[in-house]
Amino acid sequence: MNWISNNLGLIGDRTLQHLAIALPPILLSFVLSVPIGWLANRFRWSRGLILSVSGLLYAIPSLPLFVVLPVIIGTGLRDPINVIIALTLYGIALMVRSTADGLASADAGVVQSATAMGFSAVQRFWRVELPLAGPVLLAGIRVVAVSTMSLTTVGAVLGIGSLGSLFTDGFQRNIQAEIWTGIVLTIALALLLDFLIVQIGRLLMPWTRVVNTGSSRRGSRRSGSVTKAVTA
Amino acid sequence: MNLLFEAFQFIFDPTSYGGPNGIDTRIIQHLLISFGVLAIAAGIAIPLGYYIGHTGRGRGIVVALSGGIRALPTLGFLILIALNSQVGLFAPVIALVVLAVPSILAGAYTGFDAIDRRTIDAARAVGMTEIQIVGKVEVPLGLPLLMGGLRSATLQVIATVTLADYVGGGGLGSYIFLGQQVGDYPLMLAGSILVVFLALVFEGIFAIIQRLVIPAGVAARPVKNLRPRPITSRTV
């Protein structure tokens with residue numbers, strides 16, 4: 001405990017560094033996955049192609065990607081931008097399937113009604129299909145947020161500062177309290193962010209509040225939880 | 001790009017092979033550790049996942065485990081275990097098993113859970129015993145999802161073995177950390193490329209296996225009510 005009180009400044013710095021690396025990928029992957037997910041559904045060939053590319057991308061382990069990226073984009077090995085780009089790629093790879101499935105899950109009747117009411121394709125996308133995909137997008141971004149928070153620490157072995165630096169430093173100097181601090185803070189930040197995202201989701205999608213979003217053993221089998229949330 | 005060229009030069013140089021630090025040795029080490037870990041993890045997770053999937057008891061554990069493990073920073077966990085045990089293989093193996101279990105558990109459990117209740121009721125109605133239901137209905141129908149779980153566990157383990165070299169352990173990660181210590185960037189690149197190659201090979205193998213294990217009758221039926229796949233994410 002002594003270590004913590006003596007190093008509050010360091011812990012604060014590492015936390016800020018951590019957030020500066022982890023938050024942009026979460027935001028970027030959410031925003032970028034929407035057009036990519038849309039494109040996946042748009043053409044017959046594009047879905048398979050986009051999903052296999054993102055699957056392969058996600059199969060690449062993070063540490064090797066952090067090492068290889070600088071050669072491709074011409075940055076230094078210890079530049080935090082490498083981690084930000086790598087984590088954005090992972091986030092997109094994870095999100096694209098959710099986005100594509102979510103956008104495709106809108107009930108055909110609902111989409112046709114929107115068309116019949118005079119919605120243009122663009123209006124229909126923004127006002128019908130995207131909001132209806134909301135719960136699926138929310139589930140996807142929660143996974144991305146939590147895993148991005150813990151992936152950020154990996155960069156520390158290459159000297160890219162984050163809460164992970166508390167692990168590497170604690171290892172080299174054999175300070176267990178430092179490692180514990182890093183682990184607890186990383187998990188706490190992930191849970192906090194997850195909580196915030198859920199709250200934002202509740203604000204933006206008031207209609208989902210009625211139904212328990214956790215899919216029940218029987219219910220989820222009969223119909224997608226998305227359509228249920230909408231019809232309820 | 002010159003650096004990449006040097007890295008490939010290292011990979012294709014015959015003198016990089018053989019000996020305790022040869023590429024072949026490192027790849028075999030990497031695979032042996034990975035498969036050992038996966039075998040232990042599967043031995044724990046598959047029976048447990050089947051039990052939970054069949055009885056429906058303890059489903060909360062699976063959800064909590066597969067959700068919770070996502071937040072756990074692997075590097076910190078590896079280092080913590082390494083500091084509290086002897087240097088060498090033991091620490092990484094324990095940590096790796098712990099990290100691999102949730103994916104396999106989720107695969108085994110969701111494989112059973114995703115089966116239409118009516119299929120199982122029908123099996124019971126035609127007089128199958130519980131063991132027959134598990135062996136002849138639930139296990140075959142659950143195989144594709146179990147393979148999905150094994151697939152993400154394998155990728156997770158291959159990635160984590162690389163990282164585990166930070167605390168000692170052997171495998172391809174040693175090139176990355178050795179290269180870092182002596183300032184040999186091409187060596188780091190070569191190690192990284194080899195790991196990526198290994199991961200993609202296994203991704204491909206599992207993609208094929210997952211297709212092969214779909215029971216014949218299932219593949220013929222049009223897929224209705226696509227359940228959202230369990231989102232399994234890697235933490236390394």
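## Helix axes and the predicted model

Axes here are lines fitted to C-alpha atoms, taken for helices over the stretch in contact, and angles run from 0 to 180 degrees between N-to-C directions. The structure is a predicted model. Two packed helices are described by the angle between their axes and the distance between the axes.

## Confidence

The predictor assigns the complex an ipTM of 0.83 and a pTM of 0.84. Chain A has a mean pLDDT of 85, with 90% of its residues at 70 or more. Residues 215-232 of chain A fall below 50, and this stretch has 28 contacts in the model beyond near neighbours in sequence.

Chain B averages a pLDDT of 83, and 90% of its residues score at least 70. Its residues 220-230 lie below 50, with 8 contacts in the model beyond near neighbours in sequence. Where pLDDT is low, the predicted coordinates should not be read in detail.

## Chain B overall

Chain B holds 10 helices and 0 strands. Its C-alpha trace spans about 70 × 40 × 30 Å along the principal axes. Of its 236 residues, 46% count as buried. Take the contacts in chain B between residues at least 6 apart in sequence: 76% of them join residues at least 24 apart.

## The A–B contact

Chain A contributes 43 residues to the contact and chain B contributes 41 residues. On the chain A side, the helices that each supply at least two residues include α3 (44-59), α4 (62-73), α5 (80-104) and α7 (121-151). Also among them are α8 (164-173), α9 (176-204) and α10 (219-222). By class, the side of chain A that touches chain B has 26 nonpolar, 14 polar and 3 charged residues.

## α9(A) against α4(B)

One helix pair spans the two chains. α9(A) packs on helix α4 (residues 74-83) of chain B at an angle of about 155°, with the axes 10 Å apart. Angles over 145 degrees count as roughly antiparallel, and α9(A) and α4(B) are therefore roughly antiparallel to each other. The crossing of α9(A) past α4(B) is left-handed.

From α9(A), the residues in contact are A:Gln176, A:Ile179, A:Gly182, A:Ile183 and A:Thr186. They meet B:Gly76, B:Phe77, B:Ile79, B:Leu80 and B:Leu83 of α4(B). This contact has 6 nonpolar, 4 polar and no charged residues.

Helix α8 of chain B covers residues 173-182. Its buried residues are B:Gly173, B:Ser174, B:Tyr175, B:Ile176, B:Phe177 and B:Gly179. Their cover comes from both chains: it includes α4 of chain A, along with α2 (23-55), α7 (130-164) and α9 (185-212) of chain B. Just after α8(B), B:Gly183 adopts a positive phi of about 70°.

The axes of α8(B) and α9(B) come within 7 Å and cross at roughly 165°. That makes α8(B) roughly antiparallel to α9(B). α8(B) passes α9(B) in a left-handed crossing. On the α8(B) side the contact uses B:Gly173, B:Tyr175, B:Ile176, B:Leu178, B:Gly179 and B:Gln180. α9(B) answers with B:Tyr185, B:Leu187, B:Met188, B:Ala190, B:Gly191 and B:Ser192. By class, the residues of this contact divide into 7 nonpolar, 5 polar and no charged.

How values were computed. Residues numbered from 1 in each chain as written. Chains lettered and ligands numbered in written order. Predicted model: local features only at pLDDT ≥ 70, side-chain atom pairs only at ≥ 80, totals over all residues. Contact = placed C-beta atoms within 7 Å. Helix = DSSP H or I, 4+ residues; strand = E, 2+ residues; numbered from the N terminus. Nonpolar A, V, L, I, M, F, W, Y, C, P; charged D, E, K, R; others polar. Buried ≥ 20, exposed ≤ 12 C-beta atoms within 10 Å, placed from the backbone. Parallel < 35°, antiparallel > 145°, perpendicular 65-115°, else oblique. Left-handed = near helix turned anticlockwise from the far one by under 90°. pLDDT = per-residue confidence, 0-100.
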